[in-house]
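Student: I would like to see how the labels in this model follow from the numbers. Can we take them one by one?

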Amino acid sequence: LLLATVTMISVAVFLALNFGDQRKKFETKETYSLDNVKDTNLVDLEDHPSSLNLDFKYLNKFEMIEGDTFANILQNASIPNNEINQIIEKLKKHIDLGKLKVGTQIDIVNEFKNEKSEWNEVTIYKDKNTKITITNNEGVLSLKKQESRLFSKLRYIEVNVEKSIYQSLINKNVADNVIMDFVQLFSFDVDFQRDIRSGNTLKLFYEEFVDDEQSTKKFGPIYFAEIGLESDKVSLFRFKDKNSNFVEYFDENGKSATKALMKTPINGARISSGYGMRKHPILGYNKKHQGVDFAAPTGTPIMAAGNGHIEFVGTNGGAGKYIRIKHLNGYKTSYSHLSKYASGMKKNLRVKQGQVIGFVGSTGLSTGPHLHYEVIFNNERINPMKMKLPSGRTLEGSLLDNFLIEKKSIEQSLTQYIKS
């Protein structure tokens, strides 16, 4: 079988991020990397723990590409082979899996609960109006086929954050996958550990599709999204260029929301140890901590922080199972203590930003499951949480003109929606 690289957007959503001023010391972890990487003397990262319930769901979106198979996609989502066989057996009476077309969308929802990970749903969008969903209820599989004539409907949500972004939007009946997309849009500009506070405002304008009975069956794109912070706001508008068909999100001035690197390549986790001097939990002496640790359950997906190619994959001393990616402009990122690598990971493989490359573990010198994340710039480690990220592109000329027209259209639709 020809295994094609699948780009996955894997977004885990906070379930219970509390915003009190409580302070608590977390046990820390350490890693080792290359000896030729120099130290930098950045200001130590202040501890910023929060009370966090790490139960959450996340959605993997797949699209069939040339040479791909349905089984390959399930393997990339880390579904065990015996369960893949059960899913295929359940589906074969309803769809010919060998004839899935290039571009067929497949969604897989995974759930972490009580430190355990398992897939929750697998959905195949057979055509525009038909989807087949396999649900996993504690090992018992059930199938649901939905066929309906669908109608487009716009929806606007405005809400103040209470205990968490997730719960605030769920209380407004926003679906999980829409929340996941919303969070992903801001992953370059907003540090969800530090920036989000109770009382912050969330705005969301998106499309959904309903049947004759006005029951929502699937969701379209987010057209406008905004997070109002304490002293600032981040507003994003969707723009699809009609000539190239590329889709991207930009601020009101036409500056891309996408940056060269993500500050946090794992969502739904708490920072358990910051950048700077601290006492090593295993070695027992003070040692500079040259990265950031994100505590999360074993098996939590880890994403490539940016486009690039894998420079190293394998066991790396105290770092355990380890991946290092080389990006453009002198940047590298490393990911340590993995439990396992995503399917197909190998040296020189090109990866895309947001693609799942591995899963959280506790291999090497580690006191518990976490990701140790480092950013290296011109062979010097820098603080990932304080780095000045290279910006994405800014629209110019006719592209900017077209974007401003699209932005105005979205704003007019939103105004009309609010008035109606």
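Tutor: Start with burial: buried means under 20% relative accessible area, exposed over 50%, and partly exposed in between, with a 1.4 Å probe and protein chains only. The model is predicted, so local features need pLDDT of at least 70 and side-chain atom pairs pLDDT 80 or more, while totals for chains, interfaces and linings use all residues. Residues are numbered from 1 along each chain as its sequence is written, and side-chain values use heavy atoms, without hydrogens and water.

Student: Why is Tyr-417 called partly exposed?

Tutor: Its relative accessibility is 30%. That value falls between the limits of 20% and 50%, so Tyr-417 counts as partly exposed. Tyr-417 lies in helix α5, residues 397–419. Helices here are DSSP runs (H or I, at least four residues), strands likewise (E, at least two), numbered from the N terminus.

Student: What makes Glu-138 exposed?

Tutor: Its relative accessibility is 72%. The limit is over 50%, so Glu-138 is exposed. Glu-138 sits in the loop between β7 (130–137) and β8 (140–147). Its phi is positive, about 55°, although Glu-138 is not a glycine. Most residues other than glycine have a negative phi.

Student: Which label does Asn-379 get?

Tutor: Partly exposed, because its relative accessible area is 37%. Asn-379 belongs to the loop between β24 (370–377) and β25 (380–382). Asn-379 also has a positive phi, near 65°.

Student: How do you know whether Thr-300 is buried or exposed?

Tutor: Its relative accessible area is 1%. The cut-off for buried is under 20%, so Thr-300 is buried. Thr-300 is in the loop between β17 (292–295) and β18 (301–303). Its side chain reaches the backbone oxygen of Pro-297 at 2.7 Å.

Student: Why is helix α4 called mostly covered?

Tutor: In α4 (residues 176–185), seven of the ten residues are buried. Among them are Val-178, Phe-182 and Leu-185.

Student: What makes β9 and β13 edge strands?

Tutor: Take the sheet as a whole. Its five strands form an open sheet in the order β9-β10-β11-β12-β13, with antiparallel pairing. β9 (151–160) and β13 (247–250) each have a single partner strand, so one side of each is left without a neighbour in the sheet.

Student: How do you know that β9 pairs with β10?

Tutor: Two strands pair if DSSP finds at least two bridges between them. Ten bridges join β9 to β10 (residues 201–210), so they count as paired. One of the links joins Ser-152 to its bridge partner Phe-209 in β10.

Technical notes:
A polar contact is a pair of N or O atoms within 3.5 Å; within protein, one must be able to donate a hydrogen and the other to accept it, and residues adjacent in sequence count only if both atoms are side-chain atoms.
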